[in-house]
Amino acid sequence: LSELVLSRFWKNSRKIQVKVPSFPSEMAADMEILLPKYYSEELSGLSPLTLKVRATDLKKFVEFFQAMYGNLNLKLWYPHDSRLFIEHLQKQGYAATYVNRNLASLKSFGHWLWNNNYLEHDPVKGLREIQLEVSLPQAFESKEWYRFLKASEVLISRPRSKYSQDFRNKVMAQALENTGLRIEELLSLKLHQFSGNKFINVATKGGKIRASVSIKKEVGDVI
C-alpha cells in the first residue's frame, strides 16, 4: 500500500495543475487520500527535485507508520510516533543532515494536516532538528599544499608591478591554512569583517553564519 501511496503522490507531482475532488469527512483520516491533496494544495509549484525528495521522505514514514499500526489511519499519528520515526532513522545510521531533511518533510505534512483541521492535534509538535557537529579546522599536511605556500613566498620576493596580485594570493593562502574556511567562504569576506585577529559574521556552507573565525596574530598582521 505504501508503494501505491508513493506512486499516486509522485504521479500527481508531475502535473502542473491537479484537480483534487472533495472527500467525505469520514475518509479524511486516510493517508492514501490526503497525500495527493497535500501535494496539490501545499507543494504545487515546487521544483521536480523538491517534489521527488518530499515523496521519498514521506514514503519512508508511510512504511514506518504502516509497520507500526497495520493501517494508514492518521488519527493514530501523534508526536511520539514522529519521534520514534526520527529515532528509527538514526538507528539505521543515516547522517544528521538526511534525518533533518526527513524531519522537514514530515513537519510540512503534519502541519498541513493540523492547520486544515484533518487532525485535532499537531502530530509533529515539539520536534527539533538534530544538532549538527561543527568540525574544527584541520591543518593541511599534503606536500602539494606546502609547495603552493612556498611558491607564493617566492613570487612575492621577486620584483612585481603595482597590479600584481602575488601578495594577495599569499595572504589568502595563509588565511585558508589557518582558518579552515572553504575557498568560496574566504572569497566572500570583506575587509570590514576583519576585526581583532578574527573574521566576524562569516557566511558558511548551507547559508549558516559563524559569529567569528579566529586567526593567528601573525596572519592578522599580514592582513
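Q: How many degrees do the axes of H3 and H5 cross at, and what distance do they come within?

A: This is a predicted model, and in it the axes of H3 and H5 cross at roughly 85 degrees and come within 9 Å. Angles from 65 to 115 degrees count as roughly perpendicular, and H3 and H5 are therefore roughly perpendicular to each other.

Q: Which residues of H3 and H5 meet, and how do they divide by class?

A: From H3 come Val53, Arg54, Asp57, Leu58, Lys60 and Phe61, and these meet Tyr98, Arg101, Asn102, Ser105, Leu106, Ser108 and Phe109 in H5. By class, this contact has six nonpolar, three polar and four charged residues.

Q: What should I look for in the spacing of such residues along a helix?

A: An α-helix has 3.6 residues a turn, so residues three or four places apart point the same way. With that idea in mind, you can look again at the H3 side of the contact, where Arg54, Asp57, Leu58 and Phe61 are among the residues that meet H5.

Q: How long is H3, and which of its residues are buried?

A: A helix can be checked by setting its reach against the span expected for its number of residues. H3 covers residues 48-69, which is 22 residues, and it reaches 31 Å from its first C-alpha to its last, close to the 32 Å expected at 1.5 Å a residue. The buried residues of H3 are Leu51, Arg54, Ala55, Asp57, Leu58, Lys59, Phe61, Val62, Phe64 and Phe65. After H3 comes Gly70, which has a positive phi near 75 degrees.

Q: At what angle do H4 and H5 pack, and how far apart are their axes?

A: Helix H4, residues 79-91, and helix H5, residues 96-115, pack at an angle of about 155 degrees, and their axes are 10 Å apart. Angles over 145 degrees count as roughly antiparallel, and H4 and H5 are therefore roughly antiparallel to each other. The crossing in which H4 passes H5 is right-handed.

Q: Which residues of H4 and H5 meet, and how many of them are nonpolar, polar or charged?

A: On the H4 side they are Ser82, Phe85, Ile86, Leu89 and Gln90, which meet Val99, Asn102, Leu103 and Leu106 of H5. The residues of this contact divide into six nonpolar, three polar and no charged.

Q: Where does Trp112 lie, is it buried or exposed, and what does it touch?

A: Trp112 lies in helix H5, and at 4% relative accessibility it counts as buried. Leaving aside residues up to four places away in sequence, Trp112 touches Leu34, Lys37, Tyr38, Glu41, Glu42 and Tyr118.

Q: How many of the residues of H2 are buried?

A: Eleven of the 13 residues of H2 are buried, so H2 is largely enclosed by the rest of the structure. Among them are Glu32, Leu34, Lys37 and Tyr38. Just after H2, Gly45 takes a positive phi of about 100 degrees.

Q: What is the relative accessible area of Met31, and which residues does it touch?

A: Met31, found in helix H2, residues 31-43, is buried with a relative accessible area of 0%. Not counting residues up to four places away in sequence, Met31 touches Pro36, Phe61, Val62, Phe65, Leu72 and Leu74. The C-alpha atoms of Met31 and Asn71 are separated by 9.3 Å, although these residues are 40 residues apart along the chain.

Q: Where are Asn117 and Asn201 found, and what is the phi of each?

A: Asn117 is in the loop between H5 and helix H6, and its phi is near 65 degrees, a positive value in a residue other than glycine. At 68% relative accessibility, Asn117 counts as exposed. Asn201 lies in strand S1, residues 198-203, and has a positive phi of about 50 degrees although it is not a glycine.

Technical notes
Residues are numbered from 1 along each chain as its sequence is written. This is a predicted model: local features need pLDDT of at least 70, side-chain atom pairs count only at pLDDT 80 or more; totals for chains, interfaces and linings use all residues. Side-chain values use heavy atoms; hydrogens and water are left out. Axes are lines fitted to C-alpha atoms, for helices over the stretch in contact, and angles run from 0 to 180 degrees between N-to-C directions. Helices (H or I, at least four residues) and strands (E, at least two) are DSSP runs, numbered from the N terminus. Angles under 35 degrees count as roughly parallel, over 145 as roughly antiparallel, 65 to 115 as roughly perpendicular and the rest as oblique. A crossing is left-handed if the near helix is turned anticlockwise from the far one by less than a right angle, and right-handed if clockwise. Contact means heavy atoms within 4.5 Å. Ala, Val, Leu, Ile, Met, Phe, Trp, Tyr, Cys and Pro count as nonpolar, Asp, Glu, Lys and Arg as charged, and the others, Gly among them, as polar. Buried means under 20% relative accessible area, exposed over 50%, partly exposed in between (1.4 Å probe, protein chains only). The expected span of a helix is 1.5 Å times one less than its number of residues.
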